[in-house]
Amino acid sequence: MGSGVLNTYLDLLPVTSATPMITLGEGDTPLVKSNRLGRELGCTELYFKLEGCNPTGSFKDRGMVVAIAKALEEGTKAIMCASTGNTSASAAAFGAYCEIPTFVLIPKGEVAMGKLAQAMIYGAKVIMVDGNFDVALGLVREFTGRNDVTLVNSVNPYRLEGQKTAAFEIVDRLGDAPDYLFIPVGNAGNITAYWKGFSEYFKMERALQRPRMMGFQAEGAAPIVHGQMVSEPSTIASAIRIGNPASWNGALRAKDQSGGVIDMVTDDEILDAYKTLSRHEGIFCEPASAASVAGLIKLVHNGLRLDDKRSVCVLTGTGLKDPELANECAEGPLKTIEGDLEEVRNNLQHLIEYTIRYFKQILKQYG
Ligand code: AN7
């Protein structure tokens, strides 16, 4: 444990004797049981996979460590990616760790502050493109095709290899695959990789079943749902503001082979799920991650029954990536008071009394 995905899943990854076994401590993330939402939705067993607990705060580290290890093995001189933010943070961290120059193209004005800060402080060369993610990815693919620079977006197959270890962990933890896996979909690498991981474990008989794959795009960036590219994707969830997913076919295969869905959720549904997770589960994830939970809530409200089912929602990144949004969502303005006890009392006494009364009532109920 804590030894990284290359060491932990050595025999199931494309590792050779020449592969450097690098790690920043990625993987082995918590699978936390829902306290309240599961009960409210009549979902017997609901878990959250906290991928925000990875070293750079998102699921991207699993695939990145394998992509970078293989790049080093092959003698790469530099790495490059386009990103809505998390991929660039992860590439920059591993680039720094392995001392490989890292180049990043990001869509101008569309990357959450925490992610940009990471790429910068890890020392990547970051360039903003006056265009969206799809434009940036197109440029990176062309550039890396003509130069001796390794592409580390999820079109690099080693990214998906590393990423599939999240599915292994879920099975290792639960003893079998869940019945349902809810997951946000942007470039669709993650859903493709999870399906690969579950399928490999199933084939090896380490799991008796495979989950239905329930992928969710944001309504304004839902090309797979509409079966058509979106030229100007828009959603508050900037991580999944993607109009032409690279692993489009992988997502469709996961859906079809598992009997799942690729559906969409509105920004309001995403924000509701984002706040619910924070306030009622104590889990602060980024809005793109909350799309998985928004999808779960939507389908249950539409009649999906999850009693006697085991479900996992993948929470792909930490909420600290986008502190500005959290502040915007918080209730009421922050108040400043004089630094004396009287003022504290004036401002809090009624709340404290109310809370004490409330808890006394609850305690009475329990006798
Ligand atoms: C938090 O960083 O595409 O469907 O460039 O950051 O595998 O693309 C991020 C995607 C979900 C979607 N949740 O995963 C990037 C990037 C978070 C993300 C997704 C992303 P994919």
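Okay, quick definition before anything else: when I say a residue is buried, I mean under 20% relative accessible area. And keep in mind that what you're looking at is a predicted model.

So let's start with helix α8, residues 165-174. Eight of its ten residues are buried, so the helix is mostly covered. The buried ones are Thr165, Ala166, Ala167, Phe168, Glu169, Ile170, Val171 and Leu174.

Tyr194 brings us to the cores. As a general point, nonpolar side chains in soluble globular proteins tend to be buried together. Here, the largest nonpolar core has 52 residues. Tyr194 is among the residues with the most contacts inside that core, along with Ile68, Leu181, Ile191 and Phe198. Apart from it there's another core, of 36 residues, and that one includes Leu41, Phe182, Ala291 and Ala294.

What order do the strands come in? Six of them form an open sheet, running β1-β2-β10-β7-β8-β9, with mixed pairing. At the edges you've got β1 (31-33) and β9 (261-265), each pairing on one side only. On average, neighbouring strands are turned by 25° against each other, direction ignored.

Zoom in on β7, residues 180-184, and β10, residues 310-315: they pair in the parallel sense, over three bridges. And here's Phe182 again, standing opposite Cys313 in β10. Packed on the sheet is helix α12, residues 267-281, touching β2, β8 (212-218), β9 and β10. The direction of α12 makes about 90° with that of β9.

One last stop: Asn54. You'll find Asn54 in the loop between β2 (45-50) and α3 (60-73). Is Asn54 buried or exposed? Its relative accessibility is 4%, so Asn54 counts as buried. What's around it? Not counting residues up to four places away in sequence, Asn54 touches Glu26, Gly27, Thr29, Phe59, Asp61 and Arg62. There's also a polar atom of the Asn54 side chain lying 3.5 Å from the backbone oxygen of Ser58.

That's the tour, thanks!

Conventions: Residues are numbered from 1 along each chain as its sequence is written. This is a predicted model: local features need pLDDT of at least 70, side-chain atom pairs count only at pLDDT 80 or more; totals for chains, interfaces and linings use all residues. Side-chain values use heavy atoms; hydrogens and water are left out. Helices (H or I, at least four residues) and strands (E, at least two) are DSSP runs, numbered from the N terminus. Buried means under 20% relative accessible area, exposed over 50%, partly exposed in between (1.4 Å probe, protein chains only). A polar contact is a pair of N or O atoms within 3.5 Å; within protein, one must be able to donate a hydrogen and the other to accept it, and residues adjacent in sequence count only if both atoms are side-chain atoms. Contact means heavy atoms within 4.5 Å. A nonpolar core is a set of buried Ala, Val, Leu, Ile, Met, Phe, Trp, Tyr and Cys residues joined through side-chain atoms within 4.5 Å. Two strands pair if DSSP finds at least two bridges between them. Axes are lines fitted to C-alpha atoms, for helices over the stretch in contact, and angles run from 0 to 180 degrees between N-to-C directions.
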